Amino acid sequence: MKRKIIFVIPLVLLLIIPVFSLVLAREGDIVPSCNKTIGSDGKFTDECTFDSLVELGNKIINFFIVIGASLGAISIAWAGWLYLTSGGADKISQAKEIFRKVILGFILMLAAWLIVKLVLASLGYGGSRLGFINSLVGK
């Protein structure tokens, strides 16, 4: 069992590392682009505002959604492998339990995402990343 874990953990990490780079490439910088230019008076010309903070939170949430979905897909693949190669009822029940937990976790993750987006839209954050949610709250 210990030998199997030593083999599986690096394999999973090798599969996850490209996902991190893809998310960062898609999102650009996670930190909003503000407080980077100093004017002649010594003050920032592009100061951070509340929208910058909300944009940071939005990018972090999107980052974790992509990571959670990727881990969920890997878990479903693992459960499918267990189900297909099961030698008895105990492996089948273990695979079904993994399926149930992953699907429940995915539903909870998407529900939390929807709640956060609705709260952001209701507070007046008009970022283009909210998509259809702006039309739901009448923005």
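**View 1. Helices α2 and α3 pack side by side with their axes within 9 Å.** In this predicted model, the axes of α2 and helix α3 (residues 89–122) cross at roughly 165°; axes here are lines fitted to C-alpha atoms, for helices over the stretch in contact, and angles run from 0 to 180 degrees between N-to-C directions. That angle makes α2 roughly antiparallel to α3, a label for angles over 145 degrees, while under 35 counts as roughly parallel, 65 to 115 as roughly perpendicular and the rest as oblique. α2 passes α3 in a left-handed crossing, meaning that the near helix is turned anticlockwise from the far one by less than a right angle. Sorted by class, the contact of α2 with α3 has 20 nonpolar, 7 polar and 3 charged residues. Nonpolar covers Ala, Val, Leu, Ile, Met, Phe, Trp, Tyr, Cys and Pro, charged covers Asp, Glu, Lys and Arg, and the others, Gly among them, are polar.

**View 2. Here is α2, residues 50–84.** Helices (H or I, at least four residues) and strands (E, at least two) are DSSP runs, numbered from the N terminus. The 35 residues of α2 should span 51 Å at 1.5 Å a residue, and its end C-alpha atoms are 51 Å apart, which agrees; the expected span is 1.5 Å times one less than the number of residues. Its buried residues include V54, N58, F63, I67 and L82, where buried means under 20% relative accessible area, exposed over 50% and partly exposed in between (1.4 Å probe, protein chains only).

**View 3. Now for α3 and its buried lysine, K117.** With 34 residues, α3 should span 50 Å at 1.5 Å a residue; its end C-alpha atoms are 49 Å apart, which agrees. Buried along α3 are A95, V102, M109, K117, L120 and A121. K117 has a relative accessible area of 1%, so it counts as buried. After α3 comes G124, with a positive phi near 100°.

**View 4. The loop between α1 (2–27) and α2 holds K43.** This lysine is exposed, because its relative accessible area is 54%. Leaving aside residues up to four places away in sequence, K43 touches T37 and I38, a contact being heavy atoms within 4.5 Å. T49 lies in the loop between α1 and α2 too, and at 48% relative accessibility T49 counts as partly exposed.

**View 5. Stepping back, the chain has 4 helices and 0 strands.** Along the sequence the pattern reads α-α-α-α. Of its 139 residues, 22% count as buried. Among contacts with a separation of 6 or more, residues 24 or more positions apart account for 46%.

**Notes for all views.** Residues are numbered from 1 along each chain as its sequence is written, and side-chain values use heavy atoms, with hydrogens and water left out. Because the model is predicted, local features need pLDDT of at least 70 and side-chain atom pairs count only at pLDDT 80 or more, whereas totals for chains, interfaces and linings use all residues.
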